[in-house]
Amino acid sequence: MSKTKVIAFANNKGGSGKTTTCSNVACALSMMGKKVLMIDGDMQLNLTISYFDEESALSFAEAEKTVYTAIKQERDLSNFIVETKTKGLDLVPSSSLMSEIEFELFTKWQREFVLKKCLEPVKAKGYYDYILIDAPPTLGGWVMNVLVASDYVIIPVEASPWGLFGLANMFDFCAKVKSISPNLQIMGIAVTKADERKKYFKQTLETLKDMEGVRLFENYIRVDSAVEWSQDNSMPVVAFKKNSRSALEYTNLAKEILSYVDR
Ligand SMILES: Nc1ncnc2c1ncn2[C@@H]1O[C@H](COP(=O)(O)OP(=O)(O)OP(=O)(O)O)[C@@H](O)[C@H]1O
Ligand SMILES: [Mg+2]
């Protein structure tokens with residue numbers, strides 16, 4: 001079995017904190033000495049621009065160094081990796097052409113397994129400890145590929161009135177994935193953008209705790225303007241403002257993820 005563990009961040013609900021959690025957990029893991037590859041699976045390019053300015057993101061797309069080209073041509077994903085400023089923390093960028101990915105997948109043989117196959121050579125080399133995939137806010141053939149390629153899925157949920165809406169669809173989708181990829185584990189729900197002053201936050205937490213068979217991460221992430229400033233500087237907050245509250249929370253979440261995987 002490969003030592004490289006693949007973790008997806010997915011939730012069909014938009015704006016639930018998938019990308020921010022993925023980019024910060026990835027950076028926190030690399031600060032702990034782990035080798036990490038991130039894959040930007042969303043046409044919004046948010047994970048790519050969490051580490052690079054827009055000009056660089058465009059140049060990756062021009063050079064066809066994107067997950068879209070890898071999937072379209074069904075090639076070894078190693079050829080599409082770019083290095084971030086941090087050693088041992090790399091990225092496969094996205095491109096706006098990801099909007100066509102469902103169309104590309106449609107005619108492929110074993111279309112749910114394309115990403116898994118593209119990742120196999122990367123995993124076989126055993127260089128990375130973790131591969132973290134940022135999924136778009138949809139549930140279709142591409143997200144099916146993301147989850148089939150993953151050992152674990154983390155579901156970021158925003159502590160807001162609509163944050164829980166549609167969560168059942170996400171769990172149903174995971175069950176479908178498990179029918180063709182039985183090893184997928186739902187690691188848990190990570191509560192994001194929490195505002196402890198609001199009564200609604202406590203209610204969301206209680207509702208999630210009462211859900212049968214749902215595992216909640218102990219560390220939740222509170223709203224912090226440092227997150228937005230870091231994104232404006234194309235850096236994850238754990239590197240941009242190491243002593244901020246959210247940096248500490250993302251680091252603790254990353255530690256909780258490590259202890260889950262190593263148990
Ligand atoms: N802890 C936080 N504190 C403050 N703002 C946050 C925090 N986490 C995320 N945000 C903000 O919330 C918005 C949505 O976050 P993010 O892009 O990570 O969600 P997403 O689930 O990836 O969205 P999408 O579904 O569009 O891909 C962003 O503008 C981000 O800056
Ligand atoms: Mg996102």
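1. In this predicted model, the buried residues of helix H5 (residues 114-125) pack against E2, helix H3 (67-73), helix H4 (101-106), E5 and helix H6 (141-148). Those buried residues are Val114, Leu115, Cys118, Leu119, Val122 and Lys123. Viewed down the axis of H5, they fall within an arc of 165°, so they line one face of the helix. After H5 comes Gly126, which has a positive phi, near 70°.

2. Strand E5 (residues 130-134), one of the elements that H5 packs against, is mostly covered, with five of its five residues buried. In a regular strand the side chains alternate between the two faces of the sheet.

3. Which strands are joined to E5 by five bridges? Strand E1 (residues 5-9) is joined to E5 by five bridges, and the two run parallel; within this pairing, Val6 stands opposite Ile131. Strand E2 (residues 36-40) is likewise joined to E5 by five bridges and runs parallel to it, and here Ile39 has Ile133 as its bridge partner.

4. The sheet as a whole is open and has seven strands, in the order E3-E4-E2-E5-E1-E6-E7, with mixed pairing. Strand E3 (82-83) and strand E7 (185-192) stand at the edges, and each has a single partner strand, so one side of each is left without a neighbour in the sheet. Helix H1 packs on this sheet, where it touches E1, E2, strand E4 (89-92), E5, E6 and E7, and the direction of H1 makes about 165° with that of E5.

5. One of the pairs between them links Tyr152 to its bridge partner in E7, Gln185.

6. Turning to the ligand, which residues come nearest to ligand 1? Of the 20 residues around ligand 1, these are Gly14, Lys18, Thr19, Thr20 and Pro137. Helix H1 (18-31) supplies at least two residues of the shell, as does helix H9 (225-232), and H1 is also the helix described above as packing on the sheet. By class, the shell around ligand 1 comprises four nonpolar, eleven polar and five charged residues.

Technical notes: Residues numbered from 1 in each chain as written. Chains lettered and ligands numbered in written order. Predicted model: local features only at pLDDT ≥ 70, side-chain atom pairs only at ≥ 80, totals over all residues. Near = placed C-beta within 6 Å. Helix = DSSP H or I, 4+ residues; strand = E, 2+ residues; numbered from the N terminus. Nonpolar A, V, L, I, M, F, W, Y, C, P; charged D, E, K, R; others polar. Buried ≥ 20, exposed ≤ 12 C-beta atoms within 10 Å, placed from the backbone. Pairing = 2+ DSSP bridges. Arc of directions from axis to C-beta. Contact = placed C-beta atoms within 7 Å. Axes fitted to C-alpha atoms, helices over the stretch in contact; angles between N-to-C directions.
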